[in-house]
Amino acid sequence: MAFQVDGSLAATCGLDGRGLVWDLRTGQCVMPLDGHLKKVLGIDFAPDGYRIATGSEDQKIMIWDLRKRQSVYTIPAHTNLISHVKFHDDYLTSASYDTTIKVWSHPGWAPLKTLTGHEQKVSCVDVSPDGQYVVSSSFDRTFKLWTSD
């Protein structure tokens, strides 16, 4: 689950292969995010408040535009399921069961870096508020702190 920057919307993802965007003022679903072929395991709002990234068991990241009410880009991101996605001002990160974390430019969605070092599936990724650090956790029972260097 993820909250939009102003707190008026929330996005959820599910094992049914879809995401949903909810208006928290009314409790209504305002936009379905249909397009993944398998379970959607990660979701996050971009800092701009109108783009959403979803990551799935289908090994793809989809970028959604709330203004256009549709998917605007699909990234064939990993070689195994994507367990988590996280936006920062300058980039998007994704964690995968392929043991890697990938960093993507946005809005261009070009691959910037692949972070390797975990021995097993990566379950979660987060970015420090200043964007200087990425932290990941893995089934290998470790967490790693990555710097921007």
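Biologist: Where does His78 lie?

Modeller: In this predicted model, His78 lies in the loop that runs between strand 8 (70–76) and strand 9 (82–87).

Biologist: Why is His78 called buried?

Modeller: The relative accessibility of His78 is 6%, and buried means under 20%, so His78 counts as buried.

Biologist: What makes the approach of the His78 side chain to the side chain of Ser94 a polar contact?

Modeller: The two side chains come to 2.7 Å, and the cut-off for such a pair of N or O atoms is within 3.5 Å; the side chains of His78 and Thr100 are also joined by a polar contact, at 3.3 Å.

Biologist: How many aromatic pairs are there, and why is the pair of Phe87 and Trp109 called edge-to-face?

Modeller: The count comes to 2 aromatic pairs. The ring centres of Phe87 and Trp109 are 6.2 Å apart with the planes at 70 degrees, and because pairing requires centres within 6.5 Å and edge-to-face requires planes over 60 degrees apart, the pair is edge-to-face. Tyr97 and Phe139 form an edge-to-face pair as well, with 5.5 Å from centre to centre and 70 degrees between the planes.

Biologist: Why is Phe139 called partly exposed?

Modeller: Its relative accessible area is 41%, and since buried means under 20% and exposed over 50%, a value in between is partly exposed, so Phe139 is partly exposed.

Biologist: Which charged end sits over the ring of Phe139?

Modeller: That of Lys121, 4.6 Å from the ring centre, where the distance cut-off is within 6 Å.

Technical notes:
Residues are numbered from 1 along each chain as its sequence is written. This is a predicted model: local features need pLDDT of at least 70, side-chain atom pairs count only at pLDDT 80 or more; totals for chains, interfaces and linings use all residues. Side-chain values use heavy atoms; hydrogens and water are left out. Helices (H or I, at least four residues) and strands (E, at least two) are DSSP runs, numbered from the N terminus. Buried means under 20% relative accessible area, exposed over 50%, partly exposed in between (1.4 Å probe, protein chains only). A polar contact is a pair of N or O atoms within 3.5 Å; within protein, one must be able to donate a hydrogen and the other to accept it, and residues adjacent in sequence count only if both atoms are side-chain atoms. Rings of Phe, Tyr and Trp (its six-membered ring) pair if their centres lie within 6.5 Å; planes under 30 degrees apart count as stacked, over 60 as edge-to-face and the rest as tilted. A charge sits over a ring if NZ of Lys or CZ of Arg is within 6 Å of the ring centre and within 35 degrees of the ring normal.
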